[in-house]
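Please open the structure in your viewer and keep the selection panel at hand.

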Amino acid sequence: MASVTISNVQKNYGAMNVLSSVDLSIADGEFVVLVGPSGCGKSTLLRMIAGLEEISAGEIKIGDRVVNDVAPKDRDIAMVFQSYALYPHMDVAANMGFSLLLRKTAKDLVMSRVGSAAKRLGLDVFLERLPRQLSGGQRQRVAMGRAIVRDPKVFLFDEPLSNLDAKLRVHMRTEIKALHQQLKTTSVYVTHDQVEAMTMADRIVVMHDGVIQQVGTPLELYDHPANLFVAGFIGSPGMNFLPAVVTNQNGTSAAELADGQFVPLRQELNLTDGDRIVVGVRPENIEIGGADNLKARIEVIEPLGLSTQFYTKMADQQVCIFAMGRTDRAPGDIIGLGVKPGNVHVFHAKSGMRLA
């Protein structure tokens with residue numbers, strides 16, 4: 001196992017800048033998830049760690065070794081791709097052990113490692129099957145087993161669950177997390193799915209336009225997003241945003257919305273009358289009934305059994321509300337809403353940065 005240190009790394013394709021001055025330290029044994037929308041540079045960064053992309057500037061270290069000019073096969077890493085990349089004419093055992101055989105590893109050791117990894121992944125009864133005789137989830141486990149048998153210093157995962165159906169994705173992400181808890185191998189995982197990131201990561205790296213926006217534990221990012229992008233990207237359903245102007249009412253600050261309604265604010269923010277801000281509130285922090293200090297019109301109701309999601313219109317913005325239980329409300333109803341000041345996030349309207 002080893003740490004990964006990325007220092008001032010940049011990537012350019014001609015005049016186009018893909019990654020800008022990326023600095024990131026990943027501890028030995030840590031599971032770090034790179035997350036962001038398509039085109040943000042997360043897969044490029046992963047491929048640079050693997051040695052599949054050249055670095056335009058900066059330095060990458062695996063452990064104490066600078067690997068900028070080290071070939072991928074000599075970096076002691078193992079990568080699991082979105083495509084399973086299995087040899088169709090080889091059975092499961094041969095697919096899992098092939099990379100070791102290329103390294104001239106003794107056959108007895110290869111079979112020992114393959115057997116151990118197969119048992120850990122529940123593949124021991126499938127060792128003689130060909131890839132076409134396996135389900136999608138089983139093929140992905142074979143790809144993971146092929147990485148495990150190499151006993152690498154670092155695992156790299158490039159959106160490995162993207163080809164699976166929703167139910168199988170949930171099952172496989174649990175398996176990958178459990179596997180990491182057993183192996184304790186440093187892992188870097190790329191996904192565009194923030195739910196995967198939240199449920200799997202020790203720390204999340206949120207990226208946008210080639211720049212790291214914030215690094216932290218899942219709950220740190222959820223509770224204290226650094227800016228509007230992180231706040232909107234982390235959380236499902238996403239945070240509600242309402243443009244507002246700061247106004248003083250009887251000596252206390254409030255956010256005045258476009259329709260004249262007021263959202264209470266924490267007083268320690270030291271806001272100035274007339275400041276333009278964006279108010280952010282997570283769907284589960286809006287109470288139907290509550291203090292009834294806000295009004296909204298229901299547009300769509302999504303019953304989920306255990307809970308209900310409401311999509312409402314307030315101050316000409318769509319506002320999502322997540323409530324436990326079921327409802328007898330209907331589209332078109334006007335409902336009273338309550339929001340506590342401690343649950344209100346405030347962002348600078350121009351810079352998008354969170355005001356702490």
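Begin with the two domains and the interface between them: together, domain 1 and domain 2 bury about 550 Å², with 62% of that area on carbon and sulfur atoms. On the side of domain 1, select Tyr222, Pro225 and Leu228, which lose the most area to domain 2 and together make up 85% of what that side buries. The size of an interface is often expressed in this way, as the accessible area lost when the parts come together. Please bear in mind that the model is a predicted one.

How many residues of domain 1 are in contact with domain 2? Six residues of domain 1 touch six residues of domain 2.

**Helix α5**

Next, select residues 166-183, which form helix α5. Its 18 residues reach 26 Å from the first C-alpha to the last, close to the 26 Å expected at 1.5 Å a residue. Now show the side chains of Arg169, Met172, Arg173, Ile176, Leu179 and His180, the buried residues of α5. Why do these residues lie on the same side of α5? They cover an arc of only 125 degrees around the axis, and therefore they share one side of the helix. Turn to the other side of α5, where Lys167 and Gln182 are exposed.

To see what surrounds the buried residues of α5, display the elements they pack against: the strands β3 (31-35), β7 (154-158) and β8 (186-191), and the helices α3 (107-121), α4 (136-148) and α6 (194-200).

At the start of α5, select Asp165, whose side chain has an oxygen within 3.2 Å of the backbone nitrogen of Lys167. Just after α5, Lys184 adopts a positive phi of about 60 degrees.

**Helix α2**

Move to residues 92-102, helix α2, and select Val92, Ala93, Asn95, Met96, Gly97, Ser99 and Leu100, which are buried. The buried residues of α2 pack against α3 and α4. At the start of α2, a side-chain oxygen of Asp91 comes to within 3.3 Å of the backbone nitrogen of Ala93. Just after α2, Lys104 has a positive phi of about 65 degrees.

Finally, select Asn240, which lies in strand β11 (residues 240-249). Is Asn240 buried or exposed? Its relative accessible area is 6%, and buried means under 20%, so Asn240 counts as buried. A polar atom of the Asn240 side chain lies 2.7 Å from the backbone nitrogen of Cys320. Leaving aside neighbours within four places in sequence, the contacts of Asn240 include Val279, Ile286, Gln318, Val319 and Cys320.

From that list, centre the view on Val319, a residue of strand β18 (residues 317-324). Val319 counts as buried because its relative accessibility is 1%. Beyond its neighbours within four places in sequence, Val319 is in contact with Asn240, Leu242, Ile286, Phe310, Tyr311, Thr312 and Met314.

Notes: Residues numbered from 1 in each chain as written. Predicted model: local features only at pLDDT ≥ 70, side-chain atom pairs only at ≥ 80, totals over all residues. Heavy atoms only, no water. Helix = DSSP H or I, 4+ residues; strand = E, 2+ residues; numbered from the N terminus. Expected span 1.5 Å × (residues − 1). Buried < 20%, exposed > 50% of the residue type's maximum accessible area, 1.4 Å probe, protein only. Arc of directions from axis to C-beta. Contact = heavy atoms within 4.5 Å. Polar contact = N/O pair within 3.5 Å; in protein donor to acceptor, adjacent residues only side chain to side chain. Buried area = accessible area lost by both parts, 1.4 Å probe.
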